[in-house]
Each structure stands twice: as C-alpha cells, then as structure tokens.
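Reader: Please walk me through this model, feature by feature. I would like the general idea and then the case at hand.

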Amino acid sequence: MSIELTLDEILKVLPEGKLDGDKHVGSLSGVAALDKAQSGDIAFLGNPKYKGQVASTAASLVLLPSDFVGLPRDGQCYLRVEEPSYALGLICRVIEERLFPPPSIGIHSSSCMENGVIVADSVTIGPFCHIEGGAEIGADVRIASHVHVGAFAKIGAGSRLFNGVKLLSRCELGERVILNAGVVVGSEGFGFDQVSGRHEKIPHLGNVVIEDDVEIGANTCIDRSRFAETRIGEGTKIDNLVQIGHNVRIGKRCLVVAQVGISGSVSFDDDVIVGGQAGFAGHLNVGKGAKIAAQAGITKNVEAGAFLKGNPALPYALAQRIAVLQRKLPDLFKRFADLDETS
Amino acid sequence: MSIELTLDEILKVLPEGKLDGDKHVGSLSGVAALDKAQSGDIAFLGNPKYKGQVASTAASLVLLPSDFVGLPRDGQCYLRVEEPSYALGLICRVIEERLFPPPSIGIHSSSCMENGVIVADSVTIGPFCHIEGGAEIGADVRIASHVHVGAFAKIGAGSRLFNGVKLLSRCELGERVILNAGVVVGSEGFGFDQVSGRHEKIPHLGNVVIEDDVEIGANTCIDRSRFAETRIGEGTKIDNLVQIGHNVRIGKRCLVVAQVGISGSVSFDDDVIVGGQAGFAGHLNVGKGAKIAAQAGITKNVEAGAFLKGNPALPYALAQRIAVLQRKLPDLFKRFADLDETS
Amino acid sequence: MSIELTLDEILKVLPEGKLDGDKHVGSLSGVAALDKAQSGDIAFLGNPKYKGQVASTAASLVLLPSDFVGLPRDGQCYLRVEEPSYALGLICRVIEERLFPPPSIGIHSSSCMENGVIVADSVTIGPFCHIEGGAEIGADVRIASHVHVGAFAKIGAGSRLFNGVKLLSRCELGERVILNAGVVVGSEGFGFDQVSGRHEKIPHLGNVVIEDDVEIGANTCIDRSRFAETRIGEGTKIDNLVQIGHNVRIGKRCLVVAQVGISGSVSFDDDVIVGGQAGFAGHLNVGKGAKIAAQAGITKNVEAGAFLKGNPALPYALAQRIAVLQRKLPDLFKRFADLDETS
C-alpha cells in the first residue's frame, strides 16, 4: 500500500480535529501501529492500553482521543478527535478511492441489458453483466463484472455489487447495500413434501428483501421465502460463506460472522451478534441483543440479552464452568472409584 | 407476490379434489396461513394441530385432507385432497411459472458454444454461457447466464442450471437435476502425496455423476473422484454451501442440509438425513435411513437406522441424557466434595 | 475414464523405475486397486498392509516399492520405484493431459482486456474473462472462463485459475498457484467501527498475497487485509469452502481441510494441519506443526507440535479420555446417588 496524503487533505476529512505540533510534516505515506510506525506514517491510539507507546512513536501524525494529555515531538503532529479509530477510517476512505478507483460511469458495451430495465443516473455496470427485464437500478449503483440481476429485482441508490453476484428475480436491495463477490440472493428454499416416498420440491414464490446499509460477505447465500419474504434488517452486517434459509428475518444492526448457518423461518430481533460457524435450527426466535458464541448450536428460542455458548447451548458462564469441570472428569472418576472402594 | 388464479385453473391442477361450497369465490390472489388469510386467499390444513383454525379462517379456498369433517362458510370453498400441502405445491407451480416465466427457448447470441456440442430440442441457454466441445445437453434443459459446461459433460433432459454454475469436464447430470446458482461440480479432489517434504497433488481423473431428480443448493461444491466417480443418488436433495469430497457416494433420496461437510470416499446408503453443519471423516459408511443431527461429527461407520448426535457422535437419546447431566456437573462436583470431606 | 498408455510411455515418465517381467503387456487402459484390477490395468502397492494382494492381482502393470520381494506372473510387469503412490501420480498426470487437454493458447476473443494489462508468453485466457488495467499475467498461466482479475493484480508463471474465480484488485499470486472454481481472493475484511449505534465499515486497503505452489479449493474466500497483506505461505493447500479472514498469515506447507474458518489476524506457523470445519477465534498464533482435529474450536494460542480436539479444544488424548468418561456419566450419577444415600 503506497499513498500520498497531505495534512491539509486529512484536515478536510476531519474538520473538527484539534491539531497540535509541526504543521509541515510533509506528505503522509502510510498507516502503521504506534510501535511500528516510521516517519511519514499515520498512527492512532485506538485502545487505551497502548497509551504508553504514543510518546515514543516515530509516526509523523498521531490520531488521539480528545482527552489525551501530552505533546508531540519535533516534526510530529497530534490530531485529537472524538474517535481515533473511526477518524482513521475516514482517512482510509480517501486512500481507498485512490487505490481502488471506481471504474468510469456507464454501462459496459459487453453487458446484456434486457428490454424494460430501468436505470437511474450515474450507474456503473461492468463487463458481462446480465440484467433482466423489469429490473430497477437506483442512482450511483456500482455493479462489477459477471453480475446477474434477475427480472423485476430492485437495487437501491448507492448500492454496490461485486463480481459474480447473483441477485435473482424479484429480490430487493435497499440503499447503500454491499454484496461481495459471489453472493447469491434469492436461491430456492430447501423445502420438500414427502409424496409416495419421493421428496417433491415446494415452490418458493417469495423473495428476499435486504434493507439499507446491509453488507453481505463473499459467497454467502440467502434463500427466497416460500410466500412472502426473507428479510435482512437495516445496517446488519453478514460475513462470508453464511447460509440464510427461506423465510428468515434478521433484525437491524445484527452482526453475523462467517460460516454461520440459519435455518428456515428463524427470526432475529435487532442487535443480535453471532460468532462464526454457529448454527440455528428452524423456526426459532432470537431476542434483541442476544450474543451467540462461535460454533454454538441453537435449538430453542433465545431470550433478549442472553449470551449462549456450546451445543446444546448454555448461558456463557455456565458453559465455561462446565468446560472446566469436564477437564476434571478423569480425576473425579478416579476419586470416586477410590471412595467407592473405601465406603 | 401477486397472483390471479381462477377456481377452474386450480381444479385443473387438482382434478381429483372434492369441491364443496360456493363455486363463485372469484379469483384467488394469494396464499396464506389459516389464521392470517383474508378473502381472496388460498389456505391449507397441512398439520392436524391447526384444525381448530379452519372454521374461522377468512380464506376463500381451503385445501383440506379428505377425511376432514366440516362445512365451508358462505362465499368460501373447501377442496378435499389426498395431501393438502402437496396439493398447494401443485398450485404453486402454476403461480411460479407466472411469477418467474422461463426465458424464451434458444441459445443467447452472446454465449460461446464450442465445436462439437450436442444440443437437443427446446433447450434454453442464457447470456455469457461457455459450453465446451463434446458436451451433450438434453431436451428442455434450461441454463441461466454465466454457466460453464466443460468438455464432454452431459446434462439430462429437463435439468436446470442456475446462474454461474460450473459443471466441469466429463461430469454427468441425470434428468430433471437442479443446480442452484454458483454450484461447482467436478472441482479437483483434495489429495496429496508427501514427497520430500512437499505436498504433491494427486491428479483426479474421474468425474461426478449426479442421478435423476437431484437438487443441489447454491454455492455447494462436489469434487471429482480420483479414478472412477463421485456419485449422488436419485432423488437426493442437497442444500446450500455443502462440501462433498472426492469419491463420495450418496444414496437415493437422502437429504443433506446446509454447510454439511462430507470427506473423501464416504458412502451413504439410501434415505440418509443429515442436519446442517454436520461433518463426516473420510472412508465411512452410513447405513440406510440413518439420521445425523445438526453439527454432529461422525468419525465411525453408522448403522442403518441409527440416529446420532454430537461430536463424538452418540445415539440421540444418550447424547440428550448426557447433555442434561453435564448441566448438573457443577452440583455433582460440589456434592462430591462435601461427601469426600465427611467420609 | 478410458486411457491408452504404452509401457514405453510409462517408462519415460519413470526413467529410474526397475522393470521386471513381460515387456509386451500391451497398452494399459485403466488404473485400479490391486484386488479389483483386471488385465490391462495399472495397480500399485501404496500401503504395506495390502502386500498380500500383489501375488494375486490381475493387473498388467504393478507399481511396487523398491524393496518388494517377488516375481510377476506371466503376461505381467512389476515396476519397482521409490514411492509407488507418487509414481502413479506422475503417470496420472500424463493421463490427465489427455482426458482434460488444455485449451489452445491465446486470449479468447470474447474476453475483455482493459488497457495496460501485461501478458507474458503462452498464456491462455478463456471466454468472458475480465482483466482490469495494470494486471500482470505470467508465462504459461491458464485462466478459464468467467474469471475476473482486478486492477494491478499479479499472477505468477504457471498458475491456473479455474472458472469463475475472482482475484480482486492488487492481490498477488506466486508461481504455479491453483485457484479452483468460484474462489474469491481479496474480498473486503469483516471489520466495523461502532459509531453512534451504527456499524461503520473499516476500509480494507491491503491485499492478499499467495505464495508459490499454493492450491485453493472451490468457493473458498480470502479477505484482503486492513493495511498490509493477508498471506498464504508456499506450498500450502486449502480445501473447498474455507473462510480466511483479513490479516491472516498462513505458513508454508499447511493443510487446511474444507469449511474451516480462520478469523482475522490469526497466524499459522509452517506445517500446520487443520481438519474440516474447525474454527479459529481472532488474533491467535498456531505453532509449527500443530494439528487441529476436525470441528475443533480454537480460542487460545496453540503451541508448536500440539494436537488439539474439541471446543473448548484440549490435547487430543485428554479429549478422547473425557469423551469416554462422558459416556459413563449416567452410570456415575446413578452410582453417586446410591452412595450418597448409603453414606
């Protein structure tokens, strides 16, 4: 990563920052941890436990929380901001636009736009895309190469579809939705009737609705619902290779880590956090703000605010306690055998 | 979902149904649960426990089991059928054809058909497909956009390949096979020889054979075999993001839920059911009709009809019993400590 | 699989092999296990426990370890080599080239090569590929259909990208790297700042670097790093549907089986082996040569050479011992109840 940002460019992004020190630090050319930064780098104090590293960092610009006490060295700047980590994020977005410049606006000549597609202003569609009739694409949407958008699908303004995304017929994305490469939205639900010893597919006539500011990780799959909709709530972030079954409803601002599996008709309230590889049996409710540890297996409703771990899932502290005791089982069995003998 | 079906259209799909009540219910415009249905909706009694909801449902048409006792209200129809859920499925297929009409038959001009491809009648191939030489595509096959069909691959009549499917060289699909978006059939097996401290890839010269009426979920991967074939038996249904290793043989009518992992050379008899995220070590046999709970870890052969849970996997009832006792470990350790002291 | 190889062709691949028996065995037309081979087949003794099958095999050519004692039957050849399994692999590569001949060298006319792509000699690029400006493609690279190569990505000589691979901007592949179908390299890391109750994406400005001789399985995802690089070490082999988070560093010659999940900033030393579906919490170190059993959940650093199992993960032998004792819990509880009563 090689960048060149001036202090002025940075102050433009963080106008409320309070600057201290040498305003002529020159151009900033990297981002690094406090203890690894060199002259020319930006560093930041995101976690108070690294406070002691600030005085000795060689970084030219240090982002600090507003209540930080101390003075920059010669040839160094301090910039005090509300949230140093987020402030760095804002700087990084400027760098991101330079490292990964968006392709020029317009529809690539190789793409296949069927009749009746509605495309707003400032849309970018890369090579080899297939947009079926009736699809609606909002303003400033960016669609990379090899993307399929099915008939009557809707994509809200500012959304971004990476390479090879498949957004199937009648599914809907809100604004500023991000679908990473290889995501499938609207695959058929896994539901069958048993008829004379065969599994007969149940048609899935519904769709998937993804609300504003949702992000979905690479190769994640979300099935369409049987009749109504599978819905992902506003601001929820889903990692790579996650499975979301038909008729699932995920609340707002949830975080779902990689390889989680959510069976059909599960419902999450808002602010649920799920660790990687956890699994949910069908038709469950998970209460607001619940936390589910990685690899947990959830087979019952989860109360709001609960923190569960294991399979079968238990309250976190109990699960930890039992894990400790399990390690003592060999000793317990031995002592019991001794006791049994002597009693 | 918005549909318009007349009662006549429905009776045409269910000619053996026994109709009772007002034949002038008008067009049916939705499908809903008994307690949520409104006038104009179709509802059905799939599970006897909702029997009590039939009398009060506002649905215009109610699908009922043939032995249901009761009379429709004014302006309502009862249609008694063998299996209400499956009958609804048949109606839904009609709706499906309207909501998701198949594209017009033919090969899209953008697709790349190499020399020597054999294509039967009534085949649909969407944009940007790549069909290599020697591939054979049966009658009525529907291939969506961005699909790759490798050299000498075979696709049986009536099969459907969704967007972005990769069916690699020499792999074979039976009739009416469905591959959902992003499925990979025929990737290289994960096998290596250790040679002077390096891992040397073992070539995988076999293929994958998928029998009639198999359905495979989005982004699932099935590896080709080393010499012969990886085989998926007739009527088996596999969910999204499942991993099936080289040389695996899956029997007929199995159900494999999302994110299951099946290692190389595992063999399933017919009618096996596997819950989500379960895993199988290599070279195992799983007997006919065995059931494996979600997240189970199978490291030994499984007897026919067994029902296993956990890792290490145990008979379901024993695993449940142990789970209950584990929760009592803190108490047991405490009581033991007391007893030990007093004894 | 149908092949026709002469003994001469085989000896050309294995020039150091010591041949015994009838040199006029005719053409070899298959590969099979010792006990299943028929006349015309090649068989091999890879595992000493099948030694007894050699004398009775009907194979026309048997690959044997150099210290094998015995004589071929009439019309049969023995070929003694250093490592029979690897020797078979070398023969199989010849067969592989015949069964799956590489497409002719050159760039398919349908592909979209942006300005400023640097392409070495003898490169093959299939239909519907999209190669962005600044990408560099080394000699003898083979790229199948529907592949996306992002801006300034680099692909080392002899690498192979299967169908539908997405290699995103600025990511780098060494020499002889294999990416199976649907692999995503360089997706955005899953990292967010909490800002006023929302999850704000942290830009990921780094890339993914994959060293020489790495192979990656179908639909596996590797996220780009926040600032520097996510790195996969030389000779490491990764199976299908694996998740590798941002900033992860995997050492050399590691083996990672299907559906493993590795959270952000995890670091593996060399020669680590991970069973399928295992998961790693973030920011861990895994020491050289450690082995992690399938489905294990790793939440702490792992020492070099350790062999862990379970979640929470324990040393393998202890985990096995505890698993045995757990099965005895019902009995222990019962005996304890009896004892408690009598004491």
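**Reading the chains**

Author: Start with contact range. Among contacts in chain A between residues at least 6 apart in sequence, 22% join residues at least 24 apart. Two residues are in contact if their C-beta atoms, placed from the backbone, lie within 7 Å.

Reader: What conventions apply here?

Author: This is a predicted model, in which local features need pLDDT of at least 70, side-chain atom pairs count only at pLDDT 80 or more, and totals for chains, interfaces and linings use all residues. Residues are numbered from 1 along each chain as its sequence is written, while chains are lettered from A and ligands numbered from 1 in the order in which they are written.

Reader: How many helices and strands has chain A?

Author: Chain A has four helices and 38 strands. Both are DSSP runs, numbered from the N terminus: helices are H or I of at least four residues, strands E of at least two. The radius of gyration of chain A, taken over C-alpha atoms, is 26 Å.

Reader: Which domains is chain A divided into?

Author: Domain 1 covers 7-99 and domain 2 covers 183-319 in chain A. The bounds come from an automatic or database domain assignment. The C-alpha centres of these two domains of chain A lie 39 Å apart.

Reader: How do I read a sheet?

Author: Strands of a sheet pair through backbone hydrogen bonds, either parallel or antiparallel. Here, two strands pair if DSSP finds at least two bridges between them. Chain C has an open sheet of five strands, order 1-5-4-3-2, with mixed pairing. Strand 1 (18-21) and strand 2 (30-31) of chain C are the edges; each has a single partner strand, so one side of each lacks a neighbour in the sheet. Strand 2 of chain C pairs with strand 3 (residues 41-44) of chain C in the parallel sense, over two bridges. There, V31(C) has I42(C) as its bridge partner.

Reader: How many residues of chain C are in contact with chain B?

Author: In chain C, 50 residues are in contact with 47 residues of chain B. Helix 2 (84-99) of chain C supplies the largest share of that side of chain C, eight residues.

How values were computed: The radius of gyration is taken over C-alpha atoms; the globule rule is 2.2 Å times the number of residues to the power 0.38.
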